[in-house]
Amino acid sequence: MNAHLDPTTLTEPASQTSVSELRGLLERQQAAFAEDPNPDWPTRKGWLKAVGTLVDRHADRFVEAIAADFGHRAHQETRLAELMTARSAITHAKRHTKGWMKGPRTATPLTFWPGKARVITQPKGVAGIVSPWNYPLQLALVPAIAALSAGNRVMLKPSELTPRFSEALRVAVEEHFDADVFTVVTGEVELATAFTSLPFDHLFFTGSTAVGKKVGVAAMEKLVPVTLELGGKSPVILDETADMELAAQRITYGKLLNCGQTCVAPDYLIMPETLVTDMIARLKTVAQTYFPSLDDNPDLTTIVSDRHFKRLQELVADAEAKGATVHRPTPQTGEYDLDALAAQRRMPLTILTNVTPEMAVMQEEIFGPLLPIVTAETTDAALNFIAKGERPLALYWFGNDAVTRERILNQSISGTAAINDTTLQVAVDEIPFGGIGASGMGAYHGRASFDTFSHQKGVFIQSKLSATKWLMPPYRRRSNWLISFLNRWV
């Protein structure tokens, strides 16, 4: 652990991990795990403290590296949505892991007395983690914190789209951890493909649904248990009873956080026709308040790459060509210079009405500041519209009628949900976070994180005074009586 991060430079990786090195790193971690297959609490606590020190010591460099990778990213967003989230996960794990390690309390059925049943919670072994570019620190470290708290060794492959941050993280982890405990590998798509084909004891992937399917297939070939944190089109249902101004503020914030490059960002709004005009005006006003100008605005995060920016432009063009109407806030200068903003990969809030299902913007996860509006006159109509699509990672409802709220929560299927706000459910450590169907498989955060990276081993301890000898052949009258008794008892 000799490497040190140069505080004066931000560089892309000078050398990348080779495919041939991956197997050696995995074997090294497997050997270390074999020597200590169930680390005690002081060891795990030391690992968690080391991650905390790593985050604190390199926080400024991480912030700068992420901003450089994006082109520009508001430092406040990184400190709020990434650094604070990682610190919260560390604090929560340090507070609860010792208790979680004891395993759940287990009762023994009377029919098995005087034997005893128990559950032993064990690490799975070596966990492989593949993290994405949109929240490169949070979505790398939070699952790594979970895996370490559960007693596993960790190999992490961060995104190639954020190379400066990936290098900063690699060097920081190398400074604070031996490679047989926690190591970061960097490389392009070829390395990621090789990484997901390794025989890990658990594979954790965060990314797109399309790539997640390939990862799931690769893991299944080796029977590697896998957690897939994907995405999808997360709807916002706006009820007639909602506080419209509050809804506009919170929807706009959730949509423009990280410039919409958030897996749980509101993807589209669904509301009665009578609310549309008023809501558009409110959304535009809020967006103007948050970002009075876009050109060189330090508060506005840019789209991560030219390819992603072009994809968003094509979604708008496709929608317009098929009859959608575009609504944008009016900046202080009077009009947006969209070409000049495009050169900086900056994009204003772009509201789309008159959208139809065949438009690409209603078929793909948007991952940007585009906000289609769909009309539905009743709660039933809104639920039916959502149910026709893939199950979303998040669902949001704004309203003040408790009966309708409970109906929405119980009759819709989504990975997570929030009421009268957006995105914040991700930050609550006490509740699980994960998708369902096309939006993911498995969950983490808090206790769910520990359980994801742990194996619950059921154990039965038999007593010498067991009656099971009467259930063994040759079967006689006593055996028949006991079997009959047990069948009546259970």
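This is a predicted model: local features need pLDDT of at least 70, side-chain atom pairs count only at pLDDT 80 or more; totals for chains, interfaces and linings use all residues.

Q: Start with β5. Is the strand mostly covered or mostly open?
A: Mostly covered. Strand β5 spans residues 202-206, and five of its five residues are buried.

Q: Which residues sit on each side of β5?
A: H202, F204 and T206 are on one side. L203 and F205 are on the other. Both faces are covered, with all of these residues buried.

Q: Which way does β2 run relative to β5, parallel or antiparallel?
A: Parallel. Strand β2, residues 126-130, is joined to β5 by four bridges.

Q: Which residue in β6 partners T206?
A: E229 is the bridge partner of T206.

Q: Switching to charges. How many salt bridges are there in the whole structure?
A: A search of the whole structure finds 17.

Q: How do E167 and R170 meet?
A: Through their side chains, in a salt bridge with an N to O distance of 2.9 Å.

Q: Where are E167 and R170 placed in helix α5?
A: Helix α5 runs over residues 163-176. E167 and R170 are three residues apart there, so about one helical turn separates them.

Q: Is E167 buried or exposed?
A: Buried, because its relative accessibility is 11%, and the cut-off for buried is under 20%. R170 has a relative accessible area of 22%, so R170 counts as partly exposed.

Q: What about D278 and R282?
A: Their side chains also form a salt bridge, at 2.9 Å from N to O. D278 and R282 are four residues apart in helix α9, which again puts about one helical turn between them.

Q: How accessible are D278 and R282?
A: D278 is partly exposed at 34% relative accessible area. R282 is partly exposed too, at 26%.

Q: Which elements hold R407 and D380?
A: First, the contact: the side chains of R407 and D380 meet in a salt bridge of 1.9 Å, N to O. R407 lies in helix α13 (residues 402-411) and D380 in helix α12 (residues 379-387), so the pair ties together parts that are 27 residues apart in sequence.

Q: And how accessible are R407 and D380?
A: R407 is partly exposed at 29% relative accessible area. D380 is partly exposed at 40%.

Q: Which residues are joined into one network with E167?
A: R170 and E174. Salt bridges with shared partners join E167, R170 and E174.

Q: New topic. Which residues form the negative surface patch?
A: D295, D296, D337 and D339.

Q: Where is D296?
A: In the loop between α9 (273-290) and α10 (306-321). D296 counts as exposed because its relative accessibility is 56%.

Q: Last one. Is A147 buried or exposed?
A: Buried, with a relative accessible area of 0%. A147 is in helix α4, residues 138-149.

Technical notes
Residues are numbered from 1 along each chain as its sequence is written. Side-chain values use heavy atoms; hydrogens and water are left out. Patches are made of residues with over 30% relative accessible area and no salt bridge: like charges are joined within 9 Å, nonpolar side chains (Val, Leu, Ile, Met, Phe, Trp, Tyr) within 5 Å. Accessible areas come from the Shrake-Rupley method with a 1.4 Å probe; for residues, only the protein chains shown count as cover. A salt bridge is a side-chain nitrogen of Lys or Arg within 4 Å of a carboxyl oxygen of Asp or Glu. Lys and Arg count as positive and Asp and Glu as negative; His and the chain ends are not counted. The place of a charge is taken as NZ of Lys, CZ of Arg, CG of Asp or CD of Glu. Helices (H or I, at least four residues) and strands (E, at least two) are DSSP runs, numbered from the N terminus. Buried means under 20% relative accessible area, exposed over 50%, partly exposed in between (1.4 Å probe, protein chains only). Two strands pair if DSSP finds at least two bridges between them.
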